[in-house]
Amino acid sequence: MCGIVGYCGRLNAQDVVINGLEKLEYRGYDSAGISILENSSLRTKKKAGRLINLENALKDDPFKGNIGIGHTRWATHGVPNETNAHPHLNTNGTISVVHNGIIENYLDLKEFLISEGYTFKSETDTEVVAQLIDYYYEDDLFTAVTKAISKLKGAYALGIVSENEPDKLIAVRHASPLVLGVSDELGTFIASDIPSLLEYTRDVIYLDNGEIVVADKDSYTIYNENLEEVEKEISKITWSLEAATKDGFEHFMIKEIFEQPRAIEEAILNKMKDDEINLSTGTFTKEELNEINQIYIVACGTAYHAGQVGKFAFEQFAHIPVTTDIASEFRYNSPFIDDKTLLILVSQSGETADTLAALREGKKHGAKTISITNVVGSSIARETDKVLYCYAGPEISVASTKAYTTQLIALYFLALDFAKKLNKISDEEIKNIINEIKELPNKINSMLKDLDIYKNIAEEIKDSQSIFYLGRGLDFISAKEGALKLKETSYIHTESFPAGELKHGSIALIEDGTKVFTIATQSKLVEKTASNSQELTSRGAHVYSIGRVGDTLLEKSADKVIYVPNSLDVLMPVLTVVPEQLIAYFTSVAKGNDVDKPRNLAKSVTVE
Ligand code: F6R
């Protein structure tokens, strides 16, 4: 997730901005940049890669001034390089902008600005903002900013400085995080996150949507979206820097579980335009799709489970049979791949060696390729014909959570896009499914309100030798993901089975007190899974069922039922996985494990 820092006051702005950006490094980024007003002139430096590259570049020729903005970029529009790094300037270099979020209508605005004679250097949506402010600038920066933002759709936090008004810092918050730090002695600070401020001030103002801040070295004024001045409460930060880096959460894993509603919203926002599916360069045309006669979805681990859920979506929405394969298997066993094959690769990191090798193997046989990845400019993104990004923001915990749920969203949208282009679904059906998808963030939020049930289950299972996860149909895929999450974080042997397969051998493993999770959310399969649960309880197993609100039938066959909100069957995996993630997290905590870096695992598996 991009990081913004801005400052206007009495200190050296370069020091404050760089220091602030260092505190945001934990969020992950791929380039960094800074603009400082030095003797009323705007000076800007940007570097791809780590912040240290920018710091080294500034060593020989430091910027001197008391007003500035800086940015660490996590690429979303355009590859991570120096040109796409922020800040972005207007053509004559008098206005500088840093941005966090997504300008949904940037292509329309860019087209308009081009028709007005503007030219662009980068592929980013942010450069459009700088040029739009320039377009509206007459003699007042604040007015130009308000006119520009009235044209923006999407989510954005902005930091703006200009040599036309070299005593000012302007900041805007609209659905992307931005906090204000205030100090009578030192000046005004803006940042995406509190850690950047803590060295200078513990007095912060949480900005609300639509608010605009205008600061000079002595004071600041906050305006609401109607451009009326507002008085805001100053809050005192009492947390340590270490706690603040994780937004007050104890671990990245739980922080990222909680980030899912927001990440899913962003994932949806990026796949729609004017209420219609719009995957832009992430998909093929109708004519190209007509040339395809088979689809493979290939991935590893959690991403593979996402692909398996995707298979159901493609089959249900687009009526296309899909084969899923584990990348390390596919690369050595892909006899039927040809130029009529579509290969969909799912990878959070975009760097997984096996998935990359599977992609190259597919391309060798002429397959068309689409990647679903979270990392812009990653190897897999670069080597596939089309890329669909997850927009989960950087995932730091090794155990994947928000990347999985946003991979599911990408797969649902891709399946709907194919279904529409191939005339396999009505507009009405698409609308209903998308409305249900849009409800998912709120439903996840409702599940994150009371965590006691998961903490209690963690205490009950933490000393188990072996745990089982069962389900049928899509619930079996969710069971696989639940088992993977639990084993990697808790180090407890956890196996998943299709519930109906149990009695063909594995039921021999069940003994008095064996802990079993059964997932029962698929409407046609609930009764069947409930009856499997009964088989287990009657053999002494302790059964936890994850089912839909209202399916009280499950209470007859389980010792404890975890209810999740209702949705369409095909969307249930997005909801079912949340309790699974929480159980895995709290069990790891209860066992005193290294939650964010489980033993023997790496975040990105770049070896075969
Ligand atoms: C599990 C997990 C792994 C990854 C797998 C693929 O929590 O994170 O199973 O899903 O290593 O990684 P990516 O998605 O980066 O290709």
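## Helix α10 against helix α17

Helix α10 (residues 301–318) packs on α17 at an angle of about 170°, and their axes are 10 Å apart. Helices (H or I, at least four residues) and strands (E, at least two) are DSSP runs numbered from the N terminus. Axes are lines fitted to C-alpha atoms, for helices over the stretch in contact, and angles run from 0 to 180 degrees between N-to-C directions. The helices α10 and α17 are therefore roughly antiparallel to each other; angles under 35 degrees count as roughly parallel, over 145 as roughly antiparallel, 65 to 115 as roughly perpendicular and the rest as oblique.

On the α10 side, Gly301, Thr302, Tyr304, His305, Gln308, Val309 and Phe312 meet Leu474, Ile477, Lys480, Glu481, Leu484 and Lys485 in α17, where contact means heavy atoms within 4.5 Å. By class, this contact of α10 with α17 has six nonpolar, four polar and three charged residues. Ala, Val, Leu, Ile, Met, Phe, Trp, Tyr, Cys and Pro count as nonpolar, Asp, Glu, Lys and Arg as charged, and the others, Gly among them, as polar.

## Basis of the model

This is a predicted model, in which local features need pLDDT of at least 70 and side-chain atom pairs count only at pLDDT 80 or more, while totals for chains, interfaces and linings use all residues. Residues are numbered from 1 along each chain as its sequence is written, and side-chain values use heavy atoms, with hydrogens and water left out.

## Helix α17 against helix α19

Helix α17 (residues 474–490) also meets helix α19 (residues 572–590): their axes come within 9 Å and cross at roughly 20°. The pair α17 and α19 is therefore roughly parallel. Their crossing is right-handed, that is, the near helix is turned clockwise from the far one by less than a right angle.

The α17 residues in this contact include Leu474, Glu481 and Lys485, and those of α19 include Pro573, Glu580 and Thr587. The residues of the contact of α17 with α19 divide into seven nonpolar, eight polar and three charged.

## The annotated domain and a parallel sheet

According to the unreviewed UniProt entry, the annotation "domain: SIS" covers residues 285–424 and 457–598; such annotations may be inferred rather than shown by experiment. The span 457–598 is 37% helix and 21% strand, and its end C-alpha atoms lie 20 Å apart.

An open sheet of five strands runs in the order β19-β18-β20-β21-β22 with parallel pairing. Its edge strands, β19 (322–326) and β22 (386–389), each pair on one side only, and the twist averages 20° from one strand to the next. Strands β18 (residues 294–299) and β20 (residues 341–347) pair in the parallel sense over six bridges; two strands pair if DSSP finds at least two bridges between them. Val298 stands opposite Leu345 in β20.

Helix α12 (residues 353–364) lies across β18, β20 and β21 (368–373), at about 165° to β20. Helix α14 (residues 402–421) lies across β18, β20, β21 and β22, at about 145° to β21.

## The β2–β3 hairpin

Strand β2 (residues 31–38) runs antiparallel to β3, joined by eight bridges, and the bridge partner of Ser35 is Thr44 in β3. The two strands form a hairpin with two residues between them, and Asn39 in the turn has a positive phi of about 45°.

Lys45 lies in β3 (residues 41–48). Lys45 and Ile34 are 11 residues apart in sequence and 5.5 Å apart in space, C-alpha to C-alpha. Leaving aside neighbours within four places in sequence, Lys45 is in contact with Ala32, Gly33, Ile34, Leu54, Ala57, Leu58, Asp61 and Phe63.
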